Amino acid sequence: MKNFKNKITISEKSALPIPAEKEILWAGQDGGCGHFPASKSNIIYRKYAPDPTPIYAFRDAVIKAQERIWMVDEYLLVSEKRKPNNRIETISTWLQNDINANDIRLLTKHHDEIDIDALDKFKLRADAINNSRPRNPVKCNIEIKTNLSNKIDYLHDRFAIIDDELWHFGATVGGFHSSVNAVSRGWRASEHGAIEFFEFLWKECE
Amino acid sequence: MYMQWPNEQKPLDQSSTFKEIYSSFSKQLPKEFEEIVSWVANQDGDLLQLEEEVTNVIGKNNSSYLIEDKYLFTTWICAEALYLAPTLNTWKKIKSFLYHSSVIEHDLPSVMRSLAESKAEILKAYMLLAKEAFSALDNDTLKSNSSHSNEERSNYLLHWENNNNKLEELWWGLRHWNEMNYWDEYSLLHFFSELEPNELMTTLSQSKNPYLLQSLFVMIDAGGNFSQFHMWGKCIAAAPVAFEDDGSWNGSVIAPLLLVEAVSRLLNSEQDTLYSGNLTEVEILKKDISSIAKNIVDVVSKRKDALALFSRWTTWLMRQDLSYSPNDNTKAKPFVIDILIDAIGSKLKNKTVIQKTSSDAGLWEPWCYQCVLAYYASNGFIDPPVNQLFIDEWNISIDDWCGDKGELLRQHASLLITFSKDTPGMAANLLAYPIAQAELPTDVWINIWNNIYALREIVEYGDGSSEEYQSQTEASNLLFLMFRIGLAIFDQRAEQCKAISSSISREQVMLFDKLSSASREMREIDSTLNYDAWKNASLHLSIRRCIWEQQFSKPLQENIPCIFSEKDTPTIQAHLLNAKSDVMELLQLLQSILMNDIDITKLQVELDSASININNVLDEAKQLNQYNERKYPVDQEQLKIIESMLVKAV
């Protein structure tokens with residue numbers, strides 16, 4: 001394609017910051033830390049906790065996001081404890097009225113135990129956010145697609161993109177899983193093709 | 001010139017070792033050999049029984065060569081049995097042995113081949129049996145020993161039957177299909193490579209099962225003559241007609257599968273070299289690929305359905321091409337696709353090309369094909385396409401939006417909107433080309449923009465549906481695409497502007513004014529995620545306003561379009577004032593202006609007249625960044641550049 005090359009140069013918008021160092025975090029009842037569980041009792045304590053604590057660093061990144069919160073995980077909204085509403089409630093609490101991110105997308109699979117009313121909580125959340133900031137030029141949009149596994153049978157890992165930071169999860173996005181699992185963070189999403197890949201998945205699930 | 005695929009290798013003669021063994025074996029075969037062969041051909045029995053029979057023979061003969069090559073001897077018996085009784089029943093028995101013995105499975109193809117090469121009647125028997133097996137696979141009466149493979153075949157065929165976009169599925173290369181599914185039949189079906197291409201194509205055309213055909217291509221390709229380019233050429237020439245004169249597909253899967261195979265070979269060789277090769281190797285490969293692409297297109301162009309085939313194939317290739325963004329540094333854009341598109345274009349010179357997509361085309365195809373025709377026109381291969389249908393599609397009311405017309409417009413644009421990451425971008429440029437080449441392009445674009453007021457109403461107020469945000473986003477996407485088409489028209493005509501007083505320059509100023517008011521209006525009314533895209537659109541306009549003003553660019557630069565006079569509105573000062581309210585936007589604008597080689601002293605004059613103090617701007621940006629670096633990210637290097645170029649110039 002030789003023709004129509006753009007001869008005009010436009011400066012890129014300054015990239016949103018990501019942590020200077022990449023980091024690995026293990027999920028734990030203390031909100032996660034940078035090393036494996038110190039003892040078997042810690043593992044057991046978490047394993048049988050009624051509501052495993054998410055990784056706080058991820059929660060905080062979501063709360064402070066400026067543009068984008070994208071998550072891909074078949075089991076994002078349902079826990080192994082089979083209490084889906086808890087998970088939806090928890091994630092909803094991260095999306096408070098003062099959140100700056102406007103592009104919130106969750107890509108997961110259908111679970112019989114999650115009904116439409118439960119998912120509507122996210123829509124209500126978006127309405128509340130928009131009502132609380134009528135002068136904001138951009139509306140906050142929270143979209144959930146639950147046909148991930150119907151359309152895509154080749155995705156194994158789970159990941160999230162918060163602004164321009166890629167988070168890669170060994171188990172559930174957010175570190176909700178009760179077994180020993182870790183997340184790595186600090187990858188620039190735009191440099192690793194994560195944004196294009198997420199958009200590709202999103203389009204495939206239409 | 002003898003043409004080859006990149007990295008093409010001579011077929012391996014795998015049977016040579018077996019030929020040597022055969023010649024020594026055949027001289028000293030035990031007398032019981034024929035009895036066991038007959039037993040396999042005519043009696044029921046499993047592998048254990050066969051092995052027992054073989055062990056007995058070895059025991060009786062006490063022969064060292066048989067002890068050493070017990071499994072080869074067993075394989076030999078199987079191959080002879082298939083000659084003695086070349087029926088599907090015998091083949092099913094042999095297949096059950098293969099299923100339980102990887103050694104026999106591995107050796108049987110070579111043993112059968114060395115037997116076939118020793119006697120013409122053996123080859124004939126195998127060929128007949130291979131054809132019978134192919135028919136049985138096609139009508140699903142010959143099953144695999146693996147239930148998983150059988151289930152996979154049924155599922156994929158069901159998916160195929162229910163698929164409304166079968167041709168698209170073929171272009172994708174039958175995604176996720178396990179080509180090795182039919183590999184149990186390899187020993188037999190690889191004899192298809194002995195057929196002359198014409199006979200092969202006639203035989204294969206009996207089947208409409210693309211999965212079986214694709215797997216068969218893999219089997220006859222594995223190490224045989226069919227991995228050679230010239231055999232591919234003979235096959236595509238002999239493959240049944242697949243497209244009618246209007247471009248519609250008649251359901252024949254062979255030709256599309258062969259084309260996919262060709263592209264896949266070129267792409268694979270490209271990938272190998274791009275990752276491991278140095279610059280010289282890449283250049284050599286590019287030359288090789290160009291030459292092969294030209295040959296591929298030469299052969300295809302001799303087919304009866306060539307023009308129709310090209311219309312559908314290039315649409316697919318264009319889709320692939322547009323899916324890559326020039327700014328996307330995470331994946332290299334394959335040059336194979338470009339080269340093939342160009343090679344096809346050169347074959348279309350002086351030909352009457354199909355002007356519109358056929359009725360069976362997918363909803364993404366009409367606009368992609370419009371891009372193909374525009375691209376060929378821009379290269380002088382064909383005349384600019386008629387695009388009235390495209391323009392008419394945009395004439396849409398709010399009532400139309402909720403009906404078929406609105407749905408069609410959204411579907412036609414959907415793919416190009418998804419692909420468009422740059423402004424104006426390749427797709428918008430191609431869609432703009434016929435308009436830019438027609439009379440009064442400015443009027444045409446302004447008319448379209450005025451006519452799509454319904455889309456602006458939907459963006460601002462919604463369409464009253466339950467999925468209001470989605471409708472707003474879709475309408476906004478369409479408006480942004482049309483804006484980019486307008487900007488592309490502006491860019492394409494810019495180079496023809498040699499003097500500000502010329503009629504074309506004055507027309508361009510009018511178009512620019514309308515583009516500017518369009519972007520301002522959209523920034524006011526669009527609260528979807530496209531808001532930032534409109535901000536970016538303003539930036540694009542501002543840069544063009546600066547660099548294409550007669551007095552603004554550095555003197556003595558050649559080929560700089562001369563469009564704007566100082567007083568043309570919106571002025572540079574107006575653009576700076578618009579950006580002034582958002583310090584981050586102003587910084588990006590200044591940075592962009594500096595990147596486009598303009599006269600800094602003249603920029604300083606404009607900044608002064610807009611009462612912009614660059615020191616204050618930089619201080620404010622730093623303060624905001626210190627207050628919240630996530631919300632107000634600043635690239636320190638960019639600040640330094642602005643500081644060094646503008647502050648020092650004061």
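Reader: Where is B:Ser611 found?

Author: B:Ser611 is found in the loop between α31 and α32 (614-627) of chain B; helices (H or I, at least four residues) and strands (E, at least two) are DSSP runs, numbered from the N terminus. This is a predicted model, in which local features need pLDDT of at least 70, side-chain atom pairs count only at pLDDT 80 or more, and totals for chains, interfaces and linings use all residues. Residues are numbered from 1 along each chain as its sequence is written, chains are lettered from A and ligands numbered from 1 in the order in which they are written, and side-chain values use heavy atoms, without hydrogens and water.

Reader: What is the phi of B:Ser611, and is B:Ser611 buried or exposed?

Author: Most residues other than glycine have a negative phi. B:Ser611 is not a glycine, yet its phi is positive, about 55°. With a relative accessibility of 57%, B:Ser611 counts as exposed (buried means under 20% relative accessible area, exposed over 50%, partly exposed in between; 1.4 Å probe, protein chains only).

Reader: Which loop holds B:Asp597, and what is its phi?

Author: B:Asp597 lies in the loop between α30 (583-595) and α31 (600-609) of chain B. Its phi is also positive, near 60°, in a residue other than glycine. B:Asp597 has a relative accessible area of 37% and is partly exposed.

Reader: Which residues does a cis peptide bond join?

Author: Most peptide bonds are trans. Here a cis bond joins B:Thr423 and B:Pro424, with omega about -5°; B:Pro424 belongs to the loop between α22 (404-419) and α23 (426-437) of chain B. The bond from B:Thr569 to B:Pro570 is cis as well, omega being near -10°. B:Pro570 is in the loop between α28 (531-547) and α29 (572-580) of chain B.

Reader: How many residues does the contact take from chain A and from chain B?

Author: Contact means heavy atoms within 4.5 Å. The contact takes 39 residues from chain A and 53 residues from chain B.

Reader: How many salt bridges does the rule find across the interface of chain A and chain B?

Author: A salt bridge is a side-chain nitrogen of Lys or Arg within 4 Å of a carboxyl oxygen of Asp or Glu. The rule finds 2 across the interface of chain A and chain B. One of them pairs B:Arg630 with A:Asp163, whose closest N and O atoms are 3.5 Å apart. On the side of chain A that touches chain B, helix α6 (residues 194-204) of chain A supplies the largest share, 4 residues.
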